Amino acid sequence: MTADALDRLRLARTEGLGSQTFQRLLARFGSAAAALDALPDFSRGRLVPPPPAAAEREMAALARLGGRFLFLGLSGYPPLLGTLYDPPPAIALLGEPEALTGRAVAIVGARNASAAGRRLADALAAELAAEGLVITSGLARGIDSAAHGGAMRAGRTVAVVATGLDRPYPPENAGLQARIAAEGGAVLAEAPLGTAPLAQHFPRRNRIVAALSLGVVVVEAAQRSGSLITARLGLEMGRELFAVPGNPLDLRCRGSNDLIRQGAHLTESAADVLEHLPAAPHDRPLFSPRPEPDAAAPAAPAPPGPPGEAGQLIEMLGAAPIAVDEVVRRCHLSPSAVQAILLDLELAGRVEMLPGNRVALTGQA
């Protein structure tokens, strides 16, 4: 356990401090220790890092499980995961970090999958793993479990969980989680140890599954399912999308069949995936732009802003998001000065940084 790792974990575990702010703090202050020292003043007491003892306990508990932390910006952190808009500042790992460096394909689908769907996911994963691809999935019941099992027969798999690594979910997959970590694969968790399986954590898990992969294969997905969330997130990140056709009378296949209707690659074998899998993610916009505000709506009066350069930026901003590059073009400040001022304003709760490198005023501005 190094002092820098401990400081990075404390910064990452600071409630209310997001990934973008984590990165800007490190860029501005040069180290996690310096960022922690400056945090109380810059955030006006809004952001309070956990005490060193809490981070030490979490690190020690993870080490007892045989795990370690990977930190954003340091060696060992998965390169594709770092391309997310909000990559986890710290992620816990059980197993082999080398499993995170290969070309990967995600296979996801229904938890209440049919026997045929599970057999197909198992076979597809085994065929793709035999071709040297790493199979990523979410360790859920049904398709996820089948994909992990098939991959381990021929190669490596990576499981991303929505709980702490000490809380395998579902409980019956505790043995599968242990096997993946012990047999050359990797198990990843963004959530701290002890985190229970709460509904809001699963979409965050899904974004990591998609981010680690060059393509997402959907096998059996209802029209409102977590697998479709993974597919959508994958498209937003520029990942290739594949779907296995299913019985149109089976509700478990409505969502995956609809993906094919919308342009996903129809997939019946590993060859269908290999034919269309790119060497790198496509260059697509991460997020769709938000609609422009209604021009007929009366503008709210701007609150008085702070003096100086921060005041200049506040006057340029409003409730509608604007690109930071546009702010730089409109003002007479350098890009680095604008980023520093926006960091101060964000930590003070006066502006909000949004996907696509955009910024908007908050209600407190």
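Biologist: Which residues does E190 touch, not counting residues up to four places away in sequence?
Modeller: This is a predicted model. Contact here means heavy atoms within 4.5 Å. Leaving out residues up to four places away in sequence, E190 touches R13, P88, A90, I91, R204, R207 and I208.

Biologist: Where does E190 lie?
Modeller: Strand 6 covers 186-189 and helix 8 covers 201-211. E190 sits in the loop between strand 6 and helix 8.

Biologist: Is E190 buried or exposed?
Modeller: The relative accessibility of E190 is 17%. Buried means under 20%. E190 therefore counts as buried.

Biologist: What is the length of the polar contact between the side chains of E190 and R207?
Modeller: The side chain of E190 makes a polar contact with the side chain of R204, at 2.9 Å. The side chain of R207 also makes a polar contact with that of E190. For E190 and R207 the value is 2.9 Å.

Biologist: Now the helices. How are helix 2 and helix 14 oriented to each other?
Modeller: Helix 2 spans residues 19-29 and helix 14 spans residues 335-347. Their axes are 11 Å apart, at an angle of about 130°. Angles of 65 to 115 degrees count as roughly perpendicular and those over 145 as roughly antiparallel. The two helices are therefore oblique.

Biologist: Which residues of helix 14 make the contact with helix 2?
Modeller: Helix 2 passes helix 14 in a left-handed crossing. Helix 2 contributes T21, R24, L25 and R28. By class, the contact has four nonpolar, two polar and four charged residues. From helix 14 come Q339, A340, L343, D344, E346 and L347.

Notes. Residues numbered from 1 in each chain as written. Predicted model: local features only at pLDDT ≥ 70, side-chain atom pairs only at ≥ 80, totals over all residues. Heavy atoms only, no water. Helix = DSSP H or I, 4+ residues; strand = E, 2+ residues; numbered from the N terminus. Buried < 20%, exposed > 50% of the residue type's maximum accessible area, 1.4 Å probe, protein only. Polar contact = N/O pair within 3.5 Å; in protein donor to acceptor, adjacent residues only side chain to side chain. Axes fitted to C-alpha atoms, helices over the stretch in contact; angles between N-to-C directions. Parallel < 35°, antiparallel > 145°, perpendicular 65-115°, else oblique. Left-handed = near helix turned anticlockwise from the far one by under 90°. Nonpolar A, V, L, I, M, F, W, Y, C, P; charged D, E, K, R; others polar.
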